Amino acid sequence: MAHYKLYCVGGSGNSFKVALFLNCVGLDWEPVGVDFAGGQTRDPAWREATNAMGEVPVLEVDGKRLSQSGAILTWLTETHGVFGPASEAERFETLRWLLFDNHKFTGNFAAHRALHSKALDAPPAAHAYMRARTEGALAIVERHLAGRRFMLGERPTIVDFSLVGYLYYPPEETGFDLAAAYPAIDAWRGRLAALPGWKPPYEMMPVGRSMPMRL
Ligand SMILES: N[C@@H](CCC(=O)N[C@@H](CS)C(=O)NCC(=O)O)C(=O)O
């Protein structure tokens, strides 16, 4: 049995953030599929046993079940001493970007993807609102990455793993052609994809059942 079990589903970019860390560090882990499309995360018994917040990813280790990708990444980096902040200033920047990612970057990108892929049925005004919010967040990261190799500078950290979580899903699924419209983000995600251990999300987590993201 693997040391780490990651409860996840291939279509979950939040799960991919954690899977990427585990694989790039070469840790002993296995994905455990969740039937997201079938409503497993809303099942009271699943919530009681696995995550009261009703979300993946959940990382199981030594009898504990940890949730929230930003908290899990922080725990992993402190436990294994890699891909973490190297100073007090970087620690502050790490928390700052993880919060921005969860609130604005991944938060908007993932919601827009759900609308774009028609996994959710929403009025056009709601779709346009989410698109504008997502473009705003992408522009902030595009600008930050101009002249930087990674989010905190010269080396990859958990900030990169968090922000990049949804950016390898295909454009027809996300509604954003990053290669065409966001050159700095495109080059940065390419640098991360060159890390040993990187795989695309559906290969990294070939488990579980997502909403119909690819129509
Ligand atoms: N902030 C959370 C977000 C997790 C999240 O939204 N997970 C989605 C899948 S990507 C989920 O399980 N959603 C279930 C639901 O909202 O019912 C994290 O980073 O772990």
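**Strands, a ligand and a helix in a predicted model**

Good morning. I begin with Gln68, which has a relative accessibility of 28% and therefore counts as partly exposed. In this talk, buried means under 20% relative accessible area, exposed means over 50%, and partly exposed is the range in between, with a 1.4 Å probe and only the protein chains considered. The model is a predicted one: local features need a pLDDT of at least 70, side-chain atom pairs count only at pLDDT 80 or more, and totals for chains, interfaces and linings use all residues. Residues are numbered from 1 along each chain as its sequence is written, and side-chain values use heavy atoms, with hydrogens and water left out.

Gln68 is placed in the loop between strand 4 and helix 3. Helices and strands here are DSSP runs numbered from the N terminus, with helices being H or I of at least four residues and strands being E of at least two. The phi angle of Gln68 is near 75°, a positive value in a residue other than glycine.

Let me turn to the strands. Strand 3, residues 58–61, pairs with strand 4, residues 64–67, in the antiparallel sense over four bridges. Two strands are said to pair if DSSP finds at least two bridges between them. Within this pair, Leu59 stands opposite Leu66 of strand 4. Strand 3 also pairs with strand 1, residues 4–8, again in the antiparallel sense, over three bridges. In that pairing, Tyr7 is the residue opposite Val58 of strand 3.

Two residues lie between strand 3 and strand 4 in their hairpin. Asp62 is in this loop, and its phi is positive, about 45°, although Asp62 is not a glycine. Is Asp62 buried or exposed? Asp62 is exposed, with a relative accessible area of 61%. Lys64, by comparison, lies in strand 4 and is partly exposed at 37% relative accessibility. Leaving aside neighbours within four places in sequence, Lys64 is in contact with Leu59 and Trp75, where contact means heavy atoms within 4.5 Å. Lys64 and Pro171 are 107 residues apart in sequence, and their C-alpha atoms are 36 Å apart in space.

I now come to the ligand. The residues around the ligand include Ser12, Phe36, Val56, Pro57, Gln68, Ser69, Asn102 and Tyr166; each has a heavy atom within 4 Å of the ligand. A polar contact is a pair of N or O atoms within 3.5 Å; within protein, one must be able to donate a hydrogen and the other to accept it, and residues adjacent in sequence count only if both atoms are side-chain atoms. An oxygen atom of the ligand is 2.6 Å from an N or O atom in the side chain of Ser69. A nitrogen atom of the ligand lies 2.8 Å from a polar backbone atom of Val56, and a polar side-chain atom of Asn102 is 2.9 Å from a nitrogen atom of the ligand. The protein covers 76% of the 510 Å² of accessible area that the ligand has on its own, as given by the Shrake-Rupley method with a 1.4 Å probe.

Val56 has a further feature: a cis peptide bond joins Val56 to Pro57, with omega about 5°. Pro57 is found in the loop between helix 2, residues 44–49, and strand 3.

Next, helix 3, residues 69–80, contains Thr77. Thr77 is buried, at a relative accessible area of 6%. Not counting residues up to four places away in sequence, Thr77 touches Phe21, Val82, Phe83, Gly84 and Ile158.

Finally, helix 9 spans residues 183–193, and its buried residues are Ala184, Ile185, Trp188, Arg189 and Leu192. Why do they lie on the same side of helix 9? They cover an arc of only 130° around the axis, which puts them on that one side; the arc is taken from the directions from the helix axis to the C-beta atoms. In general, an α-helix has 3.6 residues a turn, so residues three or four places apart point the same way. What covers these buried residues includes helix 5 (124–145), helix 6 (158–163) and helix 8 (178–181). Thank you.
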